[in-house]
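Here are a few notes to read alongside the model. Have the sequence and the 3D view open as you go.

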Amino acid sequence: MYGVAITLLVIDAIVLIVLVLLQSGKSAGLSGAISGGAEQLFGKQKARGIDAVLRRGTVISGVILFILTFLVAYVL
């Protein structure tokens, strides 16, 4: 059981890394980093197409990674 959980954890970590790297950058430079957060918070533009799929996959993969990590650390 422990080996299966560790294997799933490694696979999920690799999937999470790939999903993050496939996402397009929102803005470049320091000014983009400062204004990008406000634009994302207050902006009306929603992600469409592949960006929405990648964002949703990143969130799901992150939650699975979090759950598997606690499962391996405390239960097994």
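Predicted model: local features only at pLDDT ≥ 70, side-chain atom pairs only at ≥ 80, totals over all residues.

1. Residues are numbered from 1 along each chain as its sequence is written, and side-chain values use heavy atoms, with hydrogens and water left out.

2. Searching the whole structure turns up 2 aromatic pairs (rings of Phe, Tyr and Trp, the latter by its six-membered ring, with centres within 6.5 Å). In one of them, F66 and F70 have ring centres 4.7 Å apart and planes at 65°, so they sit edge-to-face (over 60 degrees). Both belong to helix α3, residues 50–75, and are 4 residues apart, about one turn of the helix (helices being DSSP runs of H or I, at least four residues, numbered from the N terminus).

3. Now take F70 with Y74: their ring centres are 5.6 Å apart and the planes meet at 15°, so this pair is stacked (under 30 degrees). These two are also in helix α3, 4 residues apart, or about one turn.

4. Put together, F66, F70 and Y74 make one aromatic cluster.

5. How exposed is each ring's residue? F66 has 54% relative accessibility and so counts as exposed (over 50%, with a 1.4 Å probe and protein chains only). Y74 is exposed too, at 65%, while F70, at 39%, is partly exposed (between 20% and 50%).
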